[in-house]
Amino acid sequence: MIWGCRPDRRLLAAATSLGAVDMRLCLTGRLPGLSFGVAAVPPECPARRRRRPELVVAWPSVEGGGWGGAMMTNPGPRHVPVLRDEVVDHLVHGRANRDPLRILDLTLGLGGHAEALLEAAPAGSVLLGLDRDRAALDLARVRLAPFGEAVTTVQSPFSNLAAALAAQGWSTVDAVVADLGVSSLQLDEPGRGFSFRFDAPLDMRMDPDGGGETAAELIERLDEAELADILHDLGEERAARRIARTIKNAAHSPATTGELRALVARHVRGRPGHDPATRTFQALRIAVNQELEEIAGMLAALPGILAPRARLAVLAWHSLEDRIVKTVFRNWCATCVCPPQWPMCRCRGVPRATRLTRGAVRPTEGEVGRNPRARSARLRVVEWCGGG
Ligand SMILES: C[S@@+](CC[C@H](N)C(=O)[O-])C[C@H]1O[C@@H](n2cnc3c(N)ncnc32)[C@H](O)[C@@H]1O
């Protein structure tokens, strides 16, 4: 199956960064007006384990000096985003009219939600996709290539949202999706250091180009009490103090996922089906990427850009994320937001948003059966009434 076919040097760069292309193994050929190469994915390539591209077709880029390319996947399962139909129903099908939409995907990832939204959206709709992870954007661009000019992708954290929108010339949006947290790409890429399943440098940065602190550097910088607070507050780890003490008293600070996991395993048994290091890894990942601050900042910025009747869908993956979303949505939907000590209402009791989901929508058993990672997802959707 061909993911994309526009000559684009970045496609090949993406494939190369996955280890998917060894140009020495390339077969090259010529058709009228087109030179091309076909490269097999070497067996040791992590992309192959993830059932990602097996073949890459490349041709010299039209500008010269580089290669364009198209990735071909094996016929394995295509990445299906979590609660895809529910997100599309709320953001597209549930709307009263069929006017073209300006869609903002704040967490493009592998482009699954973006693709589903664009397929369902009225003709003329356009999508701006943000992600702080360049590797994700490279793959999403390939997937979304069939939508051509309707899609713009930008490498940006939520905290640069205003600048990204201004660069696009957009002042408001009609539909927003934010699927928080890490992507399967990040979790399954051994070299990124997000997962204890692979021994790798302890990195965990969603944007390794951004130059921020890695998880190894963070652990080294923090003292024992600060580290314990992070494990407790961001990982909800009950053994936080003991783990922090062990890490800080170790002969050397952990530099790899394997070293960290071994230190944690001295104190935590883990529940059946849960690795003892799960909570520690979650806490460090959230801290390294300042995920909760990013979410709070993004939600604070949205009232300034949501058009009247705009819909916002947020998928949270753990209770810390969901708590922030729930609190902000509750405030937006409240009929009175005056401080309780005021004797009478001065805000005139007009809610800024309406809830479209009762509580949080969870994936069905069927979806969890097909994709066990979906089990912790919770979706909340609101419709903006107006007022910045
Ligand atoms: C769960 S994945 C999204 C998957 C996507 N919905 C799909 O269908 O493939 C979350 C993505 O959000 C990105 N992300 C997380 N926090 C971010 C932030 N603060 N700013 C920008 N991107 C962020 C991650 O890099 C990751 O690629």
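## Exercises on a predicted model

**Exercise 1. At what angle do H9 and H12 pack, and which residues make the contact?**

Step 1. In this predicted model, helix H12 covers residues 278-288 and packs against H9 at an angle of about 100°. The two axes are 8 Å apart.

Step 2. Classify the angle. Values of 65 to 115 degrees count as roughly perpendicular. H9 is therefore roughly perpendicular to H12.

Step 3. List the partners. H9 supplies Ile230, Leu231, Leu234 and Gly235. H12 supplies Arg279, Thr280, Gln282, Ala283, Ile286 and Ala287.

Step 4. Sort them by class. The H9 to H12 contact has six nonpolar, three polar and one charged residues.

**Exercise 2. Describe how H9 crosses H10.**

Step 1. Locate the helices. H9 spans residues 224-235, and H10 spans residues 240-249.

Step 2. Take the geometry. Their axes come within 8 Å and cross at roughly 135°. H9 and H10 are therefore oblique to each other. The crossing is right-handed.

Step 3. Name the contacts. From H9 come Glu224, Leu227, Ala228, Leu231 and His232. They meet Ala240, Arg241, Ile243, Ala244, Arg245, Ile247 and Lys248 of H10.

Step 4. Count by class. This contact holds seven nonpolar, one polar and four charged residues.

Step 5. Link back to Exercise 1. Leu231 of H9 takes part in the contact with H10, and Leu231 is also listed in the contact with H12.

**Exercise 3. Are H13 and H14 roughly parallel or roughly perpendicular?**

Step 1. H14 runs over residues 319-333. The axes of H13 and H14 come within 10 Å and cross at roughly 20°.

Step 2. Angles under 35 degrees count as roughly parallel. So H13 is roughly parallel to H14. Their crossing is right-handed.

Step 3. Leu292, Ile295, Ala296 and Leu299 of H13 meet Leu320, Glu321, Ile324 and Val328 of H14.

Step 4. By class, the residues of this contact are seven nonpolar, no polar and one charged.

**Exercise 4. How many residues surround the ligand, and which elements give two or more of them?**

Step 1. The shell holds 20 residues. The closest are Pro81, Thr107, Gly109, Gly112 and Asp179.

Step 2. Assign elements. Helix H4 (112-120), strand S6 (126-131) and helix H13 (291-301) each give two or more residues to the shell.

Step 3. Sort by class. The shell has seven nonpolar, seven polar and six charged residues.

Notes: Residues are numbered from 1 along each chain as its sequence is written. This is a predicted model: local features need pLDDT of at least 70, side-chain atom pairs count only at pLDDT 80 or more; totals for chains, interfaces and linings use all residues. A residue is near a molecule or strand if its C-beta atom, placed from the backbone, lies within 6 Å of it. Helices (H or I, at least four residues) and strands (E, at least two) are DSSP runs, numbered from the N terminus. Ala, Val, Leu, Ile, Met, Phe, Trp, Tyr, Cys and Pro count as nonpolar, Asp, Glu, Lys and Arg as charged, and the others, Gly among them, as polar. Axes are lines fitted to C-alpha atoms, for helices over the stretch in contact, and angles run from 0 to 180 degrees between N-to-C directions. Angles under 35 degrees count as roughly parallel, over 145 as roughly antiparallel, 65 to 115 as roughly perpendicular and the rest as oblique. A crossing is left-handed if the near helix is turned anticlockwise from the far one by less than a right angle, and right-handed if clockwise. Two residues are in contact if their C-beta atoms, placed from the backbone, lie within 7 Å.
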